[in-house]
Amino acid sequence: MNTSLNDRLAGYQSWEGHDPFEDHAGPFFFKKHDDGHVTCAFEATPTHCNGGGFLHGGMLMTFADYSLFAIGGDVLEGSAVTVSFSAEFTAAAGAGEFVEARGEIVQNTGSMVFLRGQVFTGSGAAERILLNFSGIVKRVKKRPLSD
């Protein structure tokens with residue numbers, strides 16, 4: 001990691017070892033802010049891109065799915081799975097960009113949490129929304145991974 005990336009990731013943490021697929025696709029990070037909202041982030045590399053040099057749509061959706069769980073983490077209180085996911089692509093990005101996500105809990109029922117958010121890069125006037133997303137996450141009993 002270069003110094004500028006270390007600076008951008010100050011205060012972020014990861015769930016390394018928590019989800020083998022996300023560990024392989026990422027790495028992804030999240031930060032809980034003082035006001036309780038959560039921001040997620042990753043540094044886009046060439047391995048995250050498609051043949052055209054843009055971030056792969058599947059990569060953005062994987063990151064958005066990761067973000068559902070980080071944003072809903074305080075209310076999920078344990079294992080959960082995505083039961084519904086929707087996304088709209090609105091702009092492109094490439095390797096070398098710092099990509100973030102923000103979102104909110106729309107509703108929390110007894111067994112499901114409804115969330116929505118945005119994946120973006122840049123800040124202020126230079127911010128570009130790459131993806132709008134929403135999802136429903138269901139609480140479940142944890143299942144061991146098999147080899």
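Modeller: Leaving out neighbours up to four places away in sequence, Glu-127 is in contact (heavy atoms within 4.5 Å) with Arg-102, Phe-120, Thr-121 and Gly-122. Before we go on, this is a predicted model, where local features need pLDDT of at least 70 and side-chain atom pairs count only at pLDDT 80 or more, while totals for chains, interfaces and linings use all residues. Residues are numbered from 1 along each chain as its sequence is written, and side-chain values use heavy atoms, with hydrogens and water left out.

Now back to our residue. The side chains of Glu-127 and Arg-102 make a polar contact at 2.8 Å; that term means a pair of N or O atoms within 3.5 Å, where, within protein, one must be able to donate a hydrogen and the other to accept it, and residues adjacent in sequence count only if both atoms are side-chain atoms.

Where does Glu-127 sit? You will find Glu-127 in the loop between strand 5 (112–121) and strand 6 (128–139); strands are DSSP runs of E, at least two residues, numbered from the N terminus. Glu-127 counts as partly exposed because its relative accessibility is 29%, and buried means under 20% relative accessible area, exposed over 50%, partly exposed in between (1.4 Å probe, protein chains only).

Next, follow strand 5 itself. Strand 4 and strand 5 pair in the antiparallel sense over nine bridges; two strands pair if DSSP finds at least two bridges between them. A hairpin of three residues joins strand 4 to strand 5, and Asn-108 stands opposite Val-113 in strand 5.

How values were computed
Helices (H or I, at least four residues) and strands (E, at least two) are DSSP runs, numbered from the N terminus.
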